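Me: I'm new to reading protein models and would like to go through one with you. Can I ask some questions as we look?

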Amino acid sequence: MGRFDQVRANLRRAYEQRLEQARLDREAAAITPPDPEDPPAPPPPLDPGHPSTMSRDDAEIPRGLRLTAAWSWRLLVLVAALAVLLWLVGRLRTVLIPLSIALLLSALLAPMMGFLRRRVRLPPSLAAFLVLITGLAAVAGVLTLVVTEFVDGFPALADKASDGVNQIQDWLTTGPLHLNGSQLDATFDAATNWLKDNRGTLTDSAVSTATATIEFFALLLLVLFVTFFFMRDGHRIWHFLTGVLPTPARDPIRRAGEAAWHTLVAYVRATVLVAFIDALGIGLLLLIIDVDFWFPLATMVFLAAFVPIVGATVSGAVAVLVALVDEGPISALVVLIGVIAVQQLEGHVLQPLIMGRAVSVHPLAVIVAISTGVVLAGIIGALVAVPLVAVLNTGIRHLVQSRNDPPPDSVIISAD
């Protein structure tokens, strides 16, 4: 055996002895019990089950209770924020109401403004001025016709109403109630005495009405002023307002606002068309029956249609009442049937066909919005509540959809 073979044999024996010694050490460690003085093994690490659970105390609380508490304080924060928002709206309604009306008028006049800007190529200021003057002339002409017809026909309607009151009085005395003349006289005397006792209150109300008239004209001037600048500089105003937002949120908010504006324009245009069809149907029915004030009543139906659900009901009731006083119960019944038919046509055909899904709002949201608008700002609040809800609905949906869409740099490319 050479020297090289001897070295290789020694290395192999040493390696085998090392393996044998390691095997014996493992067997001895398995048989020997642990030393009682050794420190205990550390507890297993906490597995909270959710990234938000950062302590063992939180892990001991049931998951349902943790979720309930988390939802509760978040809902309380949202309720508090909503309460503060409503309080601010109530305090600033003198400013917010003209802005809302001007926004609606701008959406109504936007197609004409776009026509003058794109087709006729007029400057923005001149186009906005012409559109505003044309709208004012149309409204003034319609109001002049309504007031003229009302003034001309009111004496005849008052005589018919007086005859109707006399017929009711005769029915109360000769009908199933059998009221005697003294009871009726006592009722009318009580009403007269109430008017005398509350004359001061009525006078104060008249003064309040005069003050409200002055406030109305001031409100009208503010609405016209704001509408002019909305039509002329609306796009630049929106870009200026969104320019103060953080850069990542600037473009999504701008796109959501533009989508909401298109929704508002579509809503106002569709509402005008539906209101015109309602007024045309009821006005023709009143004209055929030969009811006085058919044109003012049709105009009232047109204006009331801008308040969904509630406006159609109130205007229809007034039309039926005028038909009852003017032509009798048969004509009033015919008008009632016509009003119901027009409302059913509006609710089941015109609204879905003209409005479409772009501005669809649930009826419950409509009722809640109208009620909130009446509480905050009266009739004007009911007028602007539904379109504002439609605008918010479109804007929020657009933001949610844009957030769900992955950005281009987040797309995962497969390595296969």
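Predicted model: local features only at pLDDT ≥ 70, side-chain atom pairs only at ≥ 80, totals over all residues.

Me: How far apart are Arg236 and Asp233 in helix H7?
Reply: Helices are DSSP runs (H or I, at least four residues), numbered from the N terminus. Arg236 and Asp233 are three residues apart in H7, so the gap between them is about one helical turn.

Me: Which residues do salt bridges that share partners join into one network?
Reply: Arg236 pairs with Asp233, and Arg232 also forms a salt bridge with Asp233, with the closest N and O atoms 2.8 Å apart. The shared partners make one network of Arg232, Asp233 and Arg236.

Me: Is Asp233 buried or exposed?
Reply: Buried means under 20% relative accessible area, exposed means over 50%, and partly exposed is in between (1.4 Å probe, protein chains only). Arg236 has 59% relative accessibility, so Arg236 is exposed, while Arg232 at 29% is partly exposed. Asp233 has 11%, so it counts as buried.

Me: What is the volume of the largest cavity?
Reply: On a 1 Å grid over the protein atoms alone, a cavity is a set of points where a 1.4 Å probe fits but cannot get out, and lining residues have an atom within 4 Å of a point. Grid points are joined across faces, edges and corners, and a volume is the space filled by probe spheres set on the points. The count comes to one cavity of 30 Å³ or more. The largest cavity has a volume of about 50 Å³.

Me: Which helix gives the largest share of the lining of the largest cavity?
Reply: Among the lining residues are Asp278, Val342 and Glu346. H8, helix H10 (310-327) and helix H11 (329-355) each supply at least two residues. The largest share, three residues, comes from H11.

Me: How many charged residues are in the lining of the second largest pocket?
Reply: A pocket is an open set of points with protein on both sides within 12 Å along at least five of seven lines. This one holds about 1900 Å³ of space, and Leu105, Val139, Phe302, Leu303 and Phe306 lie nearest its centre among 43 lining residues. Ala, Val, Leu, Ile, Met, Phe, Trp, Tyr, Cys and Pro count as nonpolar, Asp, Glu, Lys and Arg as charged, and the others, Gly among them, as polar. The lining has 37 nonpolar and six polar residues, and the number of charged ones is no residues at all.

Me: Which helix gives the most to the lining of the second largest pocket?
Reply: Several helices supply at least two residues each, including helix H5 (124-174) and helix H12 (363-404). With ten residues, the top contributor is H8.

Note on methods: Residues numbered from 1 in each chain as written. Heavy atoms only, no water. Salt bridge = Lys/Arg side-chain N within 4 Å of Asp/Glu carboxyl O.
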